[in-house]
Amino acid sequence: MTSIRDWWTGRRSRDARAGEARATAPTDHLLDGRVALVTGGSGILGSAICGALASEGARVAVAYFRRADQAAAVVARIERAGGTAFAWRADVRDRAEVDALVRAVGERYGDVEILVNNAATVPPEIGMKSFLAHTWEDYQAYLDTVVKGAVHCCQAVLPGMVRRGRGRIITIGTTALHEINAHLNPYVTAKGALVGLTRSLAEEFGRHHITVNGVAPGWVWSEEREPGPQDGRIFRDRSPLGDGLVRLRHVADAVVFLASDRAAMITGAYLPVAAGQVPLG
């Protein structure tokens with residue numbers, strides 16, 4: 001008697017022959033053997049994404065800029081859990097450093113198959129200011145890291161994806177685009193540009209079976225401890241899901257899904273992970 005898994009694996013294998021995805025034997029992981037590169041991998045959200053990708057069998061390059069110790073800790077956690085990862089410092093604003101990063105990944109694991117554009121570090125002194133208090137340099141700081149950095153990374157990995165005839169690019173946006181955020185103007189402006197980049201790349205590279213999508217976290221509970229009843233109350237009250245408090249793992253799970261063959265027919269999408277507090281984009 002054919003099991004559901006055998007039937008579904010057979011169906012996916014037939015799809016693979018049409019160029020949609022690999023025809024592989026069933027595994028216990030969604031991303032076995034895939035090569036993933038995560039920028040901003042030493043940060044709170046980036047480390048969760050790295051861990052989630054590794055837990056599904058991906059070999060992960062943890063790209064970081066300032067926090068070598070935290071990047072090393074991410075790699076150590078992944079390796080203790082039986083995964084594969086390494087850390088590499090690169091300033092995504094510098095194309096030469098991005099090229100060196102991608103070469104390092106290639107030498108260790110092969111072509112990047114999954115790129116997660118998560119880098120968003122900006123000088124802390126910019127902070128939250130009114131529009132009239134901002135300078136163009138404030139905007140440039142965000143645009144250089146969020147948009148220029150993503151452009152550099154995409155240009156560095158896309159030739160390999162085109163050669164292979166497959167790839168996944170995932171950008172990390174924000175649901176702040178849907179909300180009133182008067183004092184986050186440069187940040188929201190840069191993230192809005194990232195949505196445009198995501199959709200234009202999805203259109204151009206779809207014929208190569210490369211999908212490009214965005215994940216937009218809402219307000220995320222990022223502390224290690226579990227939240228108390230009153231933590232994030234305003235966000236819980238706005239959510240139709242009862243608890244309504246997004247955890248890091250929820251955002252990371254969305255990235256894993258879009259990186260997998262199960263999302264082969266999803267591209268140009270903008271997926272809010274916000275407990276129903278914003279509409280689908």
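Begin by selecting G57, which follows directly after helix α2 and adopts a positive phi of about 100 degrees. Helices here are DSSP runs of H or I with at least four residues, numbered from the N terminus. The model is predicted, so local features need pLDDT of at least 70 and side-chain atom pairs count only at pLDDT 80 or more, whereas totals for chains, interfaces and linings use all residues. Residues are numbered from 1 along each chain as its sequence is written, and side-chain values use heavy atoms, with hydrogens and water left out.

Next, select residues 44-55, helix α2. These 12 residues reach 17 Å from the first C-alpha to the last, close to the 16 Å expected at 1.5 Å a residue; the expected span is 1.5 Å times one less than the number of residues. Among the buried residues of α2 are L45, I49, C50 and L53. Buried means under 20% relative accessible area, exposed over 50%, and partly exposed in between, with a 1.4 Å probe and protein chains only.

Turn now to the aromatic rings. Rings of Phe, Tyr and Trp (its six-membered ring) pair if their centres lie within 6.5 Å; planes under 30 degrees apart count as stacked, over 60 as edge-to-face and the rest as tilted. By this rule there are four aromatic pairs. Select W136 and Y139: their ring centres are 5.7 Å apart and their planes at 5 degrees, so the pair is stacked. Both belong to helix α5 (residues 136-164), where, being three residues apart, they are separated by about one helical turn. W136 is exposed at 52% relative accessibility, whereas Y139 is buried at 9%.

Select Y142 and Y187 next. With ring centres 6.0 Å apart and planes at 70 degrees, this pair is edge-to-face. Y142 lies in helix α5 and Y187 in helix α6 (residues 185-205), so the pair ties together parts that are 45 residues apart in sequence. Y142 is buried, with a relative accessible area of 11%; Y187 is partly exposed at 22%.

Then select F86, W88 and Y109, which ring pairs link into a cluster.

Finally, colour the chain by pLDDT, the predictor's confidence in each residue from 0 to 100. The chain mean is 85, and 80% of its residues reach 70 or more. Over residues 11-26, pLDDT stays under 50. Where pLDDT is low, the predicted coordinates should not be read in detail.

Definitions and conventions
Helix = DSSP H or I, 4+ residues; strand = E, 2+ residues; numbered from the N terminus. Contact = heavy atoms within 4.5 Å.
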